Every structure is written in C-alpha cells, then in structure tokens.
Amino acid sequence: MRAQVQENHGEPIVSRERPEPVAAPGEVVLNVLAAGLNHLDLWLQQGDTGDSLSLPRVPGTDVLGEVIALGEGVAADLLGERVLVYPGRSCGTCDFCQAGHPSACRRFEIMGYSYDGGYAEQIAVPAGSVVSVGADAPLSWAAVPVSYITAWNALVVKGGLTAGKVAVIWGATGGLGNAAVKIAEALGAHVVAIVGSEEKALWLSSSGFSGDILVRGDDLVKRVRAVTGGRGVDLVLDHVGSATWNDSLRMLAVRGHLAFCGVTTGYSVETDLRQIFGKQLTIAGTWIGDPADLEAVVSLLQKHPEALPVVQNSFTLDDAAAAQETLADPSGNGKTILRCQAQDAFAPAFATAKEFRRDG
Ligand SMILES: [Zn+2]
C-alpha cells in the first residue's frame, strides 16, 4: 500500500510503498478514507521540538476510516463501520489510564507524531480506540479528532461551558479555534470570536457563524466587555500565550473560567494577581482530551452536523507534501484533509462548498 513518510527532518514527506497492515489481536484494520492535517505535521517535519521523535514516521493524527479486517477477539459488528480513531496511546495501567484519562499518562503518545498515523491507504489501530460515526458520514469528519477533542476538553470538561453562557475564543478561524466556535454554538452558548484581520472576520461570517466577531486591536478588552453590557464573559479559550494572557484575565466576569492551552507567543508573563482572586477566577491548563471526549464530540456532531469542521482544502494522498504547505500559511483558515484511497471512490462531501482540489 502507499503511505506518506517523513524520512528526514527539514525535508518534505515522500510517497513510499509499505506492507499492508494486519490486525493483531484486539485490533482492526481500516481503509483510511481521509486524514486531517494538523500543525503536529510541521513540528514532526521540523524536529527540534523538545519531544523525542524518531524517523521514519507516517504522519496523520486525524483519521476517518472504514473497518475492513478484525483481529482476534474483536466484535464482528465493527466490520464495515465508518469510524474515527482516538489518536493517542498510553501505558494502560497507571492511575490516570485506569480512570479513563490516558492523556494525563506520563507515557501518553500521539498518533502520527510518536507512532505511525493515517497518511496511508490502510492503518491498524486498537478496536477500543474507534468510534462509529455512521455510514453516510462525509469526509469532513476526518478533520474532527485532535481539534474537537482538545476544544471539548477545554470548553466543557475544564471550562464548564453550557447553553446561555458567553465564551471568548481567540484565533477563531484556525483549527482549534474554529472547532471551539462550532462546539460552543452547538451547545447553545454565545460566542465572541476574536480574529486577526478583516479577511478572517469575513471568512468566519461566511462560514455560518452567528455570534460576535472582534478583530484584534485597540481596546479589545473594552469591546469584549461591551458585548456583555460590561459584565465580562464566562469563559475564555486562550491558546495563544503571553501576548493574550492578561487580556484574557481582564475579559472574564466574576467567577469566570480561563481554559489555557498554548504558548505560541511565549511562556513568560507578568500577572496582576488581584485579577484572579478578586474575581474568583478558575484557571485550567488543558490540552488534548480523552476517549470519552471523542465520544461526546461525535454524539454532539451527529445531532448538529452544521458544527462539522469547515474543510477549506482537499488533496489526494500523493499530494500530501503540497497539502502540508497550506499549514504553514498564517493567512489560511479552516482545515485541510487528504483523500487517501487510490481510486478516490468516496465522493468528497464537505461542510461547505469551499473546496479547492489541487488535482483539478
Ligand atoms: Zn498510564
């Protein structure tokens, strides 16, 4: 079978023939219908991330597949199911793993980064890691796992977001930010989306978003507070880092929650501690969630298909290197996926019609 392989840091991924996977006991083999791209791809490509990475590696953390073979001990009714894969593995025996929180395990590893992922025609995965999404699930589901699990964990598990609350989402057109926007709206929350430019604001409003959009700039905190009549917001999802940390604290209402999961702009910052105890804030560090979060997200998306990812770009598996170039473009919005079957028998179907096909 064909797979895309990161063989050396600093170089584009290359197409290679690999043996077809076999289902070990407890595993299933999937035909990969589509795989979603993530910034993890770029980190793997660059190397030098502080993580111990070994090459060669097949990237691909987000996988939508169809079960084509069952290993020993796997329930027969999984055969033929269209599924998403929980993209992590862990020791399985520590207290966190036993409690259903493998993402907190010290041996937690991410698929497509620390072990081979879905940029391939087929992949073998543990049967316990797949969640059925329905026979008609469109390929845009492939862009769900990492972004939506992370957003769900931040908003709902850590942030306590429910219908009627007001949430600020920084970077609302990126993978994580837009997943958070979609989840929060599907839950019935009011979203204040912060974007970096007028172009991104236009893109967001054309994607079906119905909340408030604020472009970064002067008086941002004042403008956020104005949306809530001066009260402040219930939740801020901040995945930006030191550049936004203090503004995030100032936007929050009394008893607000800050869900924090990124240091792109730096990790050292001076904080007025009165903001925290004076307003009785809750600050939660957060990153990728657990298998139960994937199940919760799938259940939400089945009731709210309008909350599926906006797939902006779609490429064939062979064009993976070109697809990865879209990740590095900071003006990009929405998600990019690879269609991984040679005959491309599965007609692409997306949350929006804004598809750009590299292969014409
Ligand atoms: Zn563990």
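A: On a 1 Å grid over the protein atoms alone, a cavity is a set of points where a 1.4 Å probe fits but cannot get out; a pocket is an open set with protein on both sides within 12 Å along at least five of seven lines; lining residues have an atom within 4 Å of a point. Grid points join across faces, edges and corners, and a volume is the space filled by probe spheres set on them.

This is a predicted model, where local features need pLDDT of at least 70, side-chain atom pairs need 80 or more, and totals for chains, interfaces and linings use all residues. Residues are numbered from 1 along each chain as its sequence is written, and side-chain values use heavy atoms, without hydrogens or water.

Now the cavity. The count comes to one cavity of 30 Å³ or more. The volume of the largest cavity is about 60 Å³. Its lining is made up of Ala-143, Ser-147, Tyr-148, Gly-174, Gly-175, Asn-178, Ala-179, Pro-309, Val-310, Gly-334 and Lys-335. Two elements each give two or more residues to this lining: α3 (145-158) and α4. Helices (H or I, at least four residues) and strands (E, at least two) are DSSP runs, numbered from the N terminus. α4 gives the most to the cavity lining, with three residues. By class, the lining has five nonpolar, five polar and one charged residues. Here Ala, Val, Leu, Ile, Met, Phe, Trp, Tyr, Cys and Pro are nonpolar, Asp, Glu, Lys and Arg charged, and the others, Gly among them, polar. Domain 1 (2-144 + 308-357) and domain 2 (148-285) each supply at least three residues to the cavity lining. These bounds come from an automatic or database domain assignment.

Next, the largest nonpolar core. Among its 62 residues, Trp-141 and Leu-155 touch the most other members. Such a core is a set of buried Ala, Val, Leu, Ile, Met, Phe, Trp, Tyr and Cys residues joined through side-chain atoms within 4.5 Å. Helix α4 (residues 175-186) gives the most to this core, with seven residues. Both domain 1 (2-144 + 308-357) and domain 2 (148-285) give residues to this core, so it lies between them.

Then an open space. The second largest pocket holds about 320 Å³. It is lined by 22 residues, and Tyr-115, Asp-116, Gly-117, Ile-123 and Ala-124 are the closest to its centre. β6 (88-89) and β8 (122-126) are the elements that give two or more residues to this pocket's lining. β8 gives the most, with five residues. The pocket's lining has 14 nonpolar, four polar and four charged residues.

Last, the charged pairs. There are ten salt bridges in the structure; each is a side-chain nitrogen of Lys or Arg within 4 Å of a carboxyl oxygen of Asp or Glu. One of them joins Asp-318 to Arg-2, with the closest N and O atoms 2.3 Å apart. Asp-318 is in the loop between β16 (311-316) and α10 (320-327) and Arg-2 is in strand β1 (residues 2-5), so this pair ties together parts 316 residues apart in sequence. Arg-2 is buried, at 16% relative accessible area, while Asp-318 is partly exposed, at 47%. Buried means under 20%, exposed over 50%, partly exposed in between (1.4 Å probe, protein chains only). Arg-2, Glu-121 and Asp-318 are linked in a network of salt bridges. Arg-250 and Asp-247 form another salt bridge, with the closest N and O atoms 3.2 Å apart. Arg-250 and Asp-247 are three residues apart in helix α7 (residues 245-251), so about one helical turn separates them.
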